[in-house]
Amino acid sequence: MDKTDVTQCKVAVLTGGWSDEREISLSSGRACEQALKEAGFAKVELIDIADDDFIPRLMAGGFDVAFIAMHGPFGEDGCVQGLLEVLHIPYTFSNVLTSAIASEKAYAKTLFRSAGIPVAEGVELPAGHVPDEGESASLVDRLGLPLFVKPASNGSSYGISLVHEAGELAEAVRLAGEKNQPVLVESYVTGTEITVPVIGNDTPTALPIIEVVTGDGAEFYDLKVKYEPSELHHVMPARLDPEVYGRAQELAVLAHKTLGCRCASRADFIVKADGTPVILEVNTIPGMTETSLLPDSARHAGIEFPELCRRFVEWTLG
């Protein structure tokens with residue numbers, strides 16, 4: 001491979017898998033494959049990690065880099081990253097440790113809090129534990145109503161409920177924990193929902209902030225809303241006071257650095273009425289579909305999708 005021309009490298013685009021986000025990952029993978037080809041990469045191979053011959057293809061393929069276009073368990077949580085480390089194949093986005101920590105929301109919140117990034121108050125319940133009436137009442141006393149209940153390590157709004165009464169809490173916990181994983185119960189923070197993409201490695205840069213609007217009939221940015229056409233729900237630039245806008249970008253970059261993210265991340269916040277951005281989570285492999293937030297923001301900054309994908313490969317091999 002000519003080291004001066006990254007487009008000469010052979011790229012394995014890893015996609016699919018077994019998580020709830022399989023179909024979204026396949027969409028991201030196809031979009032990234034096409035973008036890399038448009039950027040001038042001649043040797044690009046799309047590989048579904050759920051295929052039986054996934055590992056032999058990786059081992060025998062002579063790949064210079066793996067472009068990970070996966071979301072959720074096995075793809076975004078450090079699992080496939082660990083495999084690629086064993087196979088000595090460089091890969092885009094964050095390493096094993098960062099991926100694992102970011103995917104576990106309670107652990108990530110601990111790091112954010114220690115870095116001075118405001119977080120929503122919450123409690124993590126162990127896998128398989130469903131609160132009884134007394135515990136539900138205690139959680140409501142502590143966190144207030146309404147409450148968000150979500151899987152502690154899933155993404156893309158799967159298994160999330162907005163609980164308005166203590167009697168709804170147990171069923172919401174069952175739903176969030178149906179994959180036998182811990183569940184996060186959080187205070188409901190009201191305000192303006194925004195997302196702040198960040199790109200880069202040693203000197204990461206925040207892209208334009210997107211204000212997320214749910215539209216009529218949706219209580220929050222749920223799965224259905226998330227994958228509707230972006231023009232229905234993405235407002236750029238976000239309608240924030242300039243000082244608040246700058247502060248949110250600073251916090252997103254700080255979160256990126258605190259976790260040790262590479263190539264890209266996307267931090268989701270609620271901006272409270274007093275202008276305080278409260279972080280919800282950081283995605284280490286943001287969606288890469290036509291309606292996804294990070295590519296939308298990058299285009300607004302003048303970076304077309306093929307160029308963005310090329311930069312990810314450069315930052316990985318650089």
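Leaving aside neighbours within four places in sequence, which residues is A298 in contact with? They are L207, I303 and L308, where contact means heavy atoms within 4.5 Å. This is a predicted model, in which local features need pLDDT of at least 70, side-chain atom pairs count only at pLDDT 80 or more, and totals for chains, interfaces and linings use all residues. Residues are numbered from 1 along each chain as its sequence is written, and side-chain values use heavy atoms, with hydrogens and water left out.

**Around A298**
- A298 sits in helix α10; helices (H or I, at least four residues) and strands (E, at least two) are DSSP runs, numbered from the N terminus.
- A298 is buried, at 0% relative accessible area; buried means under 20%, exposed over 50%, and partly exposed in between (1.4 Å probe, protein chains only).

**The largest core**
- The largest nonpolar core has 42 residues, and L14, L36, L58, F67 and F312 have the most contacts inside it.
- Such a core is a set of buried Ala, Val, Leu, Ile, Met, Phe, Trp, Tyr and Cys residues joined through side-chain atoms within 4.5 Å.
- Helix α11 gives this core its largest share, 5 residues.

**Aromatic rings**
- There are 6 aromatic pairs: Phe, Tyr and Trp rings (for Trp, the six-membered ring) pair if their centres lie within 6.5 Å, with planes under 30 degrees apart counted as stacked, over 60 as edge-to-face and the rest as tilted.
- W18 and F74 make an edge-to-face pair, 5.3 Å centre to centre with 80° between the planes.
- Ring pairs also link F67, F93, F312 and W315 into a cluster.
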